[in-house]
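Hi,

Here is the structure I promised to pass on to you.

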Amino acid sequence: MTGLDPEAKQQRTFNCSMATTTGLESLVDQIISVITNDGRNIVGVLKGFDQATNIILDESHERVFSTKEGVQQHVLGLYIIRGDNIGVIGELDEELDASLDFSKLRAHPLKPVVH
Amino acid sequence: MLFFSYFKDLVGQEVTVELKNDLAIRGTLHSVDQYLNIKLENTRVVDQDKFPHMLSVRNCFIRGSVVRYVQLPPDGVDVDLLHDAARREARGA
């Protein structure tokens, strides 16, 4: 069983205190990619959040994927997205993102979340 | 509380989280909270050709409400311990 030896146990205790709050604090003022429950992908700068995962997104735009043409970007501006509707919040790696050729990407739009 | 404690012990392990929109994300479990929201590091999407939507994302926060499965390494789980804990929890301890 993992974590029986004293060293691992100490490590585990340390991990426990670190692992109990998955705050979005570390992502504030960073560019994030949000996947919403209706299957949309919205990219923007995280300005604020709360316990219900409601978020404030600045300079946001929606990335629309399709199988027929490259990725389209619709500018949205300052948005509040309700936590109920949020699936994933990803930290966007700007270097990686810049290396992508969006005009070549083809994909089916994401499916909506079914509970 | 049981699964919250259980996931805290799994921090550092490689897991695959399958979401309710069929997206599957593999990564290292970084942290978990009382809502079973999951933070993964070093993420990659399982079927990258089908889901290029997260190609430039390496760390992500997954809302607990949208998780369908969390796939764990079979040797990362002590099934008997979990079984005992679940029995105690069910008994109302």
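This is a predicted model: local features need pLDDT of at least 70, side-chain atom pairs count only at pLDDT 80 or more; totals for chains, interfaces and linings use all residues.

**Where the two chains meet**

Contact between the chains involves 45 residues of chain A and 37 residues of chain B. Together, chain A and chain B bury about 3,300 Å² between them, and carbon and sulfur atoms account for 59% of that area.

Looking at polar links, 15 residue pairs are in polar contact across the interface of chain A and chain B, both partners being at pLDDT 80 or more. On the side of chain A that touches chain B, at least two residues each come from helix H1 (6-19), strand E1 (31-36), strand E5 (86-92) and helix H2 (94-98) of chain A. Strand E5 of chain A gives the most to that side, with 7 residues. By residue class, the side of chain A that touches chain B has 21 nonpolar, 16 polar and 8 charged residues.

Strand E5 of chain A also pairs with a strand of the other chain: its partner is strand E4 (residues 57-62) of chain B, the sense is antiparallel, and there are 5 bridges.

**The salt bridge between the chains**

How many salt bridges are there between chain A and chain B? The count is 1. The partners are A:Lys111 and B:Asp22, whose side chains meet at 2.3 Å, N to O. B:Asp22 lies in the loop between strand E1 (14-19) and strand E2 (24-32) of chain B, while A:Lys111 is in the segment after H2 of chain A, so this pair joins two chains. Both ends are partly exposed: B:Asp22 has a relative accessible area of 29%, and A:Lys111 has one of 44%.

This pair also belongs to a network of salt bridges that links A:Lys111, B:Glu18, B:Asp22 and B:Arg68.

For background, most residues other than glycine have a negative phi.

**Salt bridges within chain A**

Over all chains, the count comes to 12 salt bridges. One of the salt bridges joins A:Glu62 and A:Arg40, with the closest N and O atoms 3.9 Å apart. These two residues link distant parts of the chain, 22 residues apart: A:Glu62 is in strand E3 (residues 55-64) of chain A, and A:Arg40 is in the loop between E1 and strand E2 (41-49) of chain A. Is A:Glu62 buried or exposed? A:Glu62 counts as buried because its relative accessible area is 13%, under the 20% cut-off. A:Arg40, in contrast, is partly exposed at 40%.

Another salt bridge is formed by A:Arg82 and A:Asp84, whose side chains meet at 2.9 Å, N to O. Here A:Arg82 is exposed, with 56% relative accessibility, and A:Asp84 is partly exposed, with 46%.

A:Glu59 lies in strand E3 of chain A. This residue has a positive phi of about 50° although it is not a glycine. A:Glu59 is exposed, with a relative accessible area of 56%.

A:His61 is found in strand E3 of chain A as well, but A:His61 counts as buried, at 17% relative accessibility. Its side chain is joined to the side chain of A:Gln73 by a polar contact of 2.8 Å. Leaving aside residues up to four places away in sequence, A:His61 touches A:Asn41, A:Ile42, A:Val43, A:Gln73, A:His74, A:Val75 and A:Leu76.

That is everything I wanted to point out for now. Happy browsing!

Best wishes

Key. Residues are numbered from 1 along each chain as its sequence is written. Chains are lettered from A and ligands numbered from 1 in the order in which they are written. Side-chain values use heavy atoms; hydrogens and water are left out. Contact means heavy atoms within 4.5 Å. Buried area is the accessible area (1.4 Å probe) that two parts lose on being put together, summed over both. A salt bridge is a side-chain nitrogen of Lys or Arg within 4 Å of a carboxyl oxygen of Asp or Glu. A polar contact is a pair of N or O atoms within 3.5 Å; within protein, one must be able to donate a hydrogen and the other to accept it, and residues adjacent in sequence count only if both atoms are side-chain atoms. Helices (H or I, at least four residues) and strands (E, at least two) are DSSP runs, numbered from the N terminus. Ala, Val, Leu, Ile, Met, Phe, Trp, Tyr, Cys and Pro count as nonpolar, Asp, Glu, Lys and Arg as charged, and the others, Gly among them, as polar. Two strands pair if DSSP finds at least two bridges between them. Buried means under 20% relative accessible area, exposed over 50%, partly exposed in between (1.4 Å probe, protein chains only).
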